[in-house]
Amino acid sequence: MTVFVENEVQAEFPFDPSEVVSRVAEAVLDAEACPYETEINVLITDDEGIRVYNREYRGIDRATDVLSFPNVPFETPADFSAAEESEADCFQPDSGELILGDIILSCDKVRQQAQEYGHSQKREFAFLVAHSMLHLCGYDHMEPGEAAVMEEKQERILEGLGITRQLPEETAG
């Protein structure tokens, strides 16, 4: 798996964002039985930066916590055969990796929501990556049933990684 993490605002966290992205992305792809090596792009920005992307790509002029831009045209979540049907658009010609998509995270929202929900920044960051990775795998949460599926998967993945809602002193922040 290739993960590109760009921190355009030089946001500092009490953890290594690249390591967390890699661990969470790998756990999601394992849980979803992705048969390919993948490429994922992650951009860390601030509220103003994500507001611009949200306005430009979704027509919503406000900051949000995370944006997901799937590259694979899934008809059914985690049915990776959709990538084979669009091979030229879905696979990196040099490495052969499946280009899963792009994630944009707001560092401001990570900090704000971690404090609001009473858990660590690492937990909030990992949650948003897991959430976004599920979007990149074709899941959505427009209907209550879809939302319940995503929530259950997110929690199972984070628990499996030991990234829980508890706020031990060494991960606070």
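This is a predicted model: local features need pLDDT of at least 70, side-chain atom pairs count only at pLDDT 80 or more; totals for chains, interfaces and linings use all residues.
Residues are numbered from 1 along each chain as its sequence is written, and side-chain values use heavy atoms, with hydrogens and water left out.

Let's begin with helix α6, residues 121-136. Helices here are DSSP runs of H or I with at least four residues, strands are runs of E with at least two, and both are numbered from the N terminus. α6 has 16 residues and spans 22 Å from first C-alpha to last, close to the expected 22 Å; that expectation is 1.5 Å times one less than the number of residues. Of those 16 residues, 15 are buried, where buried means under 20% relative accessible area, exposed over 50%, and partly exposed in between, with a 1.4 Å probe and protein chains only. Just after the helix, G138 has a positive phi of about 100 degrees.

H135 is buried, at 14% relative accessible area. What does its side chain reach at 2.9 Å? The backbone oxygen of Y139. The H135 side chain also makes a polar contact with the side chain of H141, at 3.2 Å. By polar contact I mean a pair of N or O atoms within 3.5 Å; within protein, one must be able to donate a hydrogen and the other to accept it, and residues adjacent in sequence count only if both atoms are side-chain atoms. Leaving aside residues up to four places away in sequence, H135 touches S68, P70, D140, H141 and M150, contact being heavy atoms within 4.5 Å.

Now to strand β4, residues 98-106, where eight of nine residues are buried. β4 runs parallel to β2 (residues 38-45), joined by eight bridges, with V42 partnered by I103. With β3 (residues 66-70), β4 runs antiparallel through five bridges, and there L67 pairs with I104. Strands count as paired if DSSP finds at least two bridges between them.

Thanks, everyone!
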